[in-house]
Structures are given as structure tokens and as C-alpha cells.
Amino acid sequence: MSLSGAWYLGLAAIVFTIGAIGLLVRRNVLIMFMCIELMLNAANLTFVTFARMLHDIGGQAVVFFVLVVAAAEVVVGLGIVVTNFRRRSTTVADDLDSLKG
Amino acid sequence: MVHAAYLMLLFPLAGFLFLVAFGRRLGDPVAGWVGTIAVTAAFVVACMVLAGLIGLPADHRVVVHNYFTWFSSGGLSVPVGTLVDPLSMTMCMFVTGVSALIHLYSIGYMKSDRDYSKFFIYLNLFVFSMLLLVLANNLLLTFVGWEGVGVCSYWLVAFWFQRESAASAGKKAFIYNRIGDAGFLLAIFLIFEKTGTIQYESGPGGGIFGQLSHLGGGTATAAVLLLFLAATGKSAQIPLFNWLPDAMEGPTPVSALIHAATMVTAGVYLLCRMNPLLHLSTPGTVVIATIGAVTAFVAATIACAQQDIKKVLAFSTISQIGYMVLAVGSGAYIAAIFLMVCHAFFKGVLFLGAGSVIHGLEDEQDLKRMGALRRYMKWTTVTFTIGYLAIAGIPPLSGFWAKGDVLDNTFAHYKPLWVIGLVTAVLTAYYMSRLEILAFGGEPRFDQPGPHGEPPLHAPHESPWVMRLPLVVLAFFAFFGGVLDLPWVHTHNLESFLAPVFNGTLYNDNLAGGAEWALALTDIAAALAGVIVAAWLWRGAEVDKPALEPAFLQRVWYWDDFYDTIIGRPGQRLATFCAWVVDARVIDGAVNGTAHLVKVTGTAARKLQTGYARNYALGIALGMALIIAFMLSRTWWG
């Protein structure tokens, strides 16, 4: 049996929401990164679903770009996290508040 | 040669430009000679144009020349052109002639002044502006010349601007003139609105004078009164006469050139030029005549009590111009022009004589510190005395004929004003005799310490020939100027020359021969009465006579104090109010208030900048949610 597109979209929405809420409530920078990855992948799932539903290969092509961007982002982001940990010995986001007004 | 009138304008303009470029390098005295030659050339051109004009038949003596269009806009086209007719040429002759002599005189008077070349730059520009005023063939170009002489007057009055009094006198002259100028502008607007043109003459039926039927009685009166307001400013009449005495702060040649001979007659010239318009408004001319008579009288009384030799002459000028305005108001334009020409001669010689005295006495202007100058300055004494007798109205000098002409016409039309004029004639003879006696008669007083402990002055010396020559020439004309228009000559004189300009607007004084004789004898009696009274009152060696110089007259009828009280002080209070309330509270308040508001908003808004990444992420998420909600709502309910 094949599931209709709505299920995939629903799953994507749930995954995205978990990622978004996780980003907002967690303090650990690494966890927040994982949440961002969740949200990106939820978006990817949406793209693929719509590509299938609309018979348009473009949506699947975008996913590859997103994967590349996500990989690059993780490289840069983890670099920042590692550097910051060396300087401040913390991975808690709330300790990084030197831009406070 | 009639068509070469533009050369008259170009010579002084060229002199001005040349001196602007090279004047400082040429210096003393070459710059002065350049200026003098430029104006003399203009005088020569004026003579040739006049000869050409006289060569034309009497009813063809109006030559209009448009050189180019200044600008045009809608129905208004303003040409740059000249109007050569007997009136403008009469003005040009004495303007250029007297100016040339005064330039020559200035070479000696301004010797070794710090700004020698600048003085001649201003003088040449002044002559150019004056000729532009006189020769222009439309009201707007006349206004350009009018403003030009005004600004030159300002520069020249404030020529020694390091002196506080000179600087403020310049400003005073300028501001008083501005009030008149506003009247002139409004008059131009009104005339253009009603006639659709600003040109004096442009062929048969054209120009302002061909379109006068479009002006109703009330409009004509308004236009006449506005023009007269302009004239009161430039010609120093009540209520705008106060600037002229203060203008004596300028160098004496300036007082002679601008404030006696030429510029102050511009107002009278304007009224004469607009004579067909004046003819439309009887109330207007009555106002003009009355103001003229009252000004003549008031200024003459003030002149009786002044101590400064130039102030006496300044008030005398106001008084004489009052006579001219009285003549214009009486419709006796030719008498006004006649007096204007003669006045240029005798007031020129009086001012230049006074300048010679001041020059010889180390810049002392106080009459009470002069005395017996006849023994030291023979040329000055003789020429000044001729000028004095002319203005006093002693026959057969020019002043007698000119003033007699004015008084005859006034007698024929406004007898009460004639009485004022006659009293003024007595006063004129009185104050001029007083001046003559105090300066040249009696015993020397300059070798005694001054009233405020000034050291005694050296014995005066006669002036150099460049200053004496203009005195002699002007004295000659002051003596014989009357032959221009003798009452028993009716052809080939000023009257028959000017008559076509005023054709149809000129009242004739229908006086019988007997009445004319009686009036002439009355004039002589008035002049002699003034002279005799002065000689008797000022006969002794005592010169401090407070009873003869009441403070009321010394303080100019408290006229300046009056203006100070009703305009100056409230103006100052308004300025103070603006400075300390409007500026300090309202404007600064608005500026500071804006800054304060920004500061408060900023302080409140900085609390949003928590520095926690999750807060920002929340913001983004909420924003996204809102946008999505909005778009969904548009989809479902839109």
C-alpha cells in the first residue's frame, strides 16, 4: 500500500516543530545544531513529497542543495563551537550573551 | 548722434569694470583719473546726443531704442533700451557734468585714502546706475538703475565703515530706501496689471501713457501714491527723510554727488517721467504738493539749529527737494526740473566748498570751531558765497529764478502752500546766512580749544587746484544758471525744450505781468529778510546761543526718537522675545525634545537585545508564524 502525500507532510511538520521547539528550549549548542538539522531535513522531506505529488523533479534537486548547505553549515558551526569552547569552556548558548543591549 | 545714447551708459560701465580689474594696481592718483575720464567721456557723449536731439523738430524729440530683450515671460517682455527725450537729456547733462566735476574734485579730496581706487569704482558704478535710471525706456529698467544708485549710496555712505557711525548710517540709508523701493515695485505691478505694459513709450498709443484710460480714478491714485512713496525714500521727503542727514557720514564728494546733486533728485525725476499718470489723480497731486511744502518747511527749520556744516547742507537739500516736489504736485514740472538743475549747481558748489573747508581744517565739521576762514581760503570763500547767495534767492543768481518759478506756480494753484513756501524761503536765507557768518565771517575760533577739550587746530590751508577747479566751474553755473529759463524769454529755453514732454499735463500759471512782478519782489523781500535777521542775530563774537538753537530743532523735531519709539523699540522687544522665548524654548525645545524622545525609545528598546540566541530564534519563529497565518487567512477568507 502507498500512503498519501498528506502523511509525509504531516510527518515533516511534526519533525520541523520538534526541531523548532528544541532550538528554542535547549541550552546546549550541539543539541541546538541537531535541532537545526531536524528542521532542515523536515524541509527536505516536504520538498521530496511535493516533487512526487506534482511530478516535478525540481523539488528533489533542491534537496541536494540543502544537504550541501547543511553540511557546510555544520562544518562552520562546529568550528565556531569548538573555538568558543576553547576560549570559554562552555557550550551553553545562554552564556554567550556579550551582544546583550 | 541721438542713437549713440548707449555710449553714455557704456563709458562709466567700462570705467567701473576697468577699475575693478586694475584699480588697485593703478592706485593713487591714476585710478582717479581713469574714473574721471570715463565720466567726462559720458558727458561729451551727452552733449553730442543733446545737440542731435535739438536738431530734430520739436514734436519728434522722442527717440526710443531697444537694444536687446532682457527677458520675456507670458505677456511681459522687458527690453533693455533707452528713451532719449528732452527730460532724460536734461537730467543726463547735469548728472554727467556735475559727476565729472566731482570725480575731479575727489582726486584731490581722497588723496592717500586707504581705499582710493575702491572709491572711484563705486563712483563710476553710481554714475552708470544713475544714467540707467534716467535713460531707461521702461519701469523695470529704471528700477534696476534705482536699486543701483541705492546700493552705491549704501557703499559710499559706509565708505569709512571702520567708524561705527558710518556703518550704521549706511544701513539706515539702505533700509529707508528699501521702504520706498517696495512702493516702486508695487506701483510697477499695479501699472502692468492695468495697462499690460511697462514701457513708457512704444509708438503711437503704445506704452503706459497710451494705455492710461485703463486706470480708474482709484487705481490711478493708488499708483501715484505708491510711486510717491518710492520718491519719498529716494528723495528724502517726509516720512522717509531721516536717512539723508546721517548719510553725511560718507566722504564729502559723495555727499555732494549723491546726496545733493544727483541721486536724491531721482524721485522727482520719476514723478516727472510719470507725469501723464500724475495728471489722472487730483488727490495724489494734492498729497504730493502738501508733503513737499511741509518737508521744505520742516527741514528748513531744522537746518537753522544744526552745528555740523554738512548737516546744515543736508537739511537744506531736503528742504530744496521739498520745493521740487511741491512744484511737481502743483503740475509745474518744468519749474521742478529748473530748480533741480540749478540746485545741482549751487548745492554742488556748497558741498564741495564745505568739503574744502573740512579738508583744510583737519576734518573738523563743527561750525562753532570755524570762523574767519575768508582770510585763509579765498577761492573757497568766493565760490561758496556765490552758492550761498544763489540758494538764498538773491537776484540775479540762479536760485532766485528757479525758486521764484516754483513759488509762482504754487501761488497760482495752492495759495496756503505758497505761504509755507515763502516762509521756507525766509528760513533758507536765514540758515544759509548763519552758516556763512559762522564759517567765513567773524573772528577765528579754530585756534582755541574745542568745547570738549579738543586741542586747537592749525590754520587752514587752501585746497589743491583739482578741488578748486570744480568749485569755480560750479560757482559759474550757480551764478548764471538762471539764464536757462528766464521768465520773459519764451523760445529756445528750458521751458520750450521740455514742454513737449509735459504736453497736456502742465498747468500754466495764469499770472498777469503785475502779479509776477509783485511775487518776484516778495521773493526778494523774503530772501533779504532772512539775510538781515541772520546778520543781526549772529553779529557778535558769541556763537553759543541756545535760544536760537532749541533742542527740538537740533533733535530733528524728535523725528528719529519717534521712529525709535514706535518701530525701533518694539522691533527690538520682538527680537528679544524671538531670541529668548521662540528660539530658546520653542525651537531648541523641539530639537532637544526629539533627541530626548529618541533616547527614551532607545533605552526601552535595548531591553529587547537580550543576547540570548533563543530569544532571537523565538522572534524569527513568531514572525514566520504570523506571516504564514496572514497568508493562510488570505487564502481562506480572502
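**Figure 1. Radius of gyration and extent of chain A in the predicted model.** Chain A has a radius of gyration of 17 Å, whereas a compact globule of 101 residues would have one near 13 Å. The radius is taken over C-alpha atoms, and the globule rule is 2.2 Å times the number of residues to the power 0.38. The C-alpha trace of chain A spans about 50 × 30 × 25 Å along its principal axes. Chain A holds 3 helices and 0 strands, in the order α-α-α along the sequence. Helices (H or I, at least four residues) and strands (E, at least two) are DSSP runs, numbered from the N terminus. Of the 101 residues in chain A, 12% are buried. A residue is buried if 20 or more other C-beta atoms lie within 10 Å of its own, exposed if 12 or fewer, and partly exposed in between, with C-beta atoms placed from the backbone. This is a predicted model, in which local features need pLDDT of at least 70 and side-chain atom pairs count only at pLDDT 80 or more, while totals for chains, interfaces and linings use all residues. Residues are numbered from 1 along each chain as its sequence is written, and chains are lettered from A and ligands numbered from 1 in the order in which they are written.

Figure 2. In chain A, α3 (residues 58-88) has 31 residues and reaches 44 Å from its first C-alpha to its last, close to the 45 Å expected at 1.5 Å a residue. The expected span is 1.5 Å times one less than the number of residues. The number of buried residues in α3(A) is 0, so this helix lies largely in the open. S89(A), which follows α3(A), has a positive phi near 55 degrees. In chain B, α3 (residues 86-109) has 24 residues and reaches 34 Å, close to the 34 Å expected. Of the 24 residues of α3(B), 23 are buried, so the helix is largely enclosed by the rest of the structure.

**Figure 3. Contact between chain A and chain B.** The contact takes 10 residues from chain A and 11 residues from chain B. Two residues are in contact if their C-beta atoms, placed from the backbone, lie within 7 Å. On the side of chain A that touches chain B there are 5 nonpolar, 2 polar and 3 charged residues. Ala, Val, Leu, Ile, Met, Phe, Trp, Tyr, Cys and Pro count as nonpolar, Asp, Glu, Lys and Arg as charged, and the others, Gly among them, as polar.

**Figure 4. Packing of α8 and α11 in chain B.** The axes of α8(B) and α11(B) (residues 266-273) come within 7 Å and cross at roughly 155 degrees. The two helices are therefore roughly antiparallel to each other. Residues of α8(B) in the contact include L227(B), F228(B) and A231(B), and among those of α11(B) are V268(B), L270(B) and L271(B). By class, the residues of this contact divide into 8 nonpolar, 2 polar and 1 charged.

**Figure 5. Backbone features in loops of chain B.** A cis peptide bond, with omega about 10 degrees, joins I238(B) and P239(B); P239(B) lies in the loop between α8 and α9. The bond from P395(B) to P396(B) is also cis, with omega near 5 degrees, and P396(B) is in the loop between α16 and α17. D363(B), in the loop between α15 and α16, has a positive phi near 65 degrees. With 9 C-beta neighbours inside 10 Å, D363(B) counts as exposed. V556(B) has a positive phi of about 60 degrees and is buried, with 21 other C-beta atoms within 10 Å.

Conventions
Axes are lines fitted to C-alpha atoms, for helices over the stretch in contact, and angles run from 0 to 180 degrees between N-to-C directions. Angles under 35 degrees count as roughly parallel, over 145 as roughly antiparallel, 65 to 115 as roughly perpendicular and the rest as oblique.
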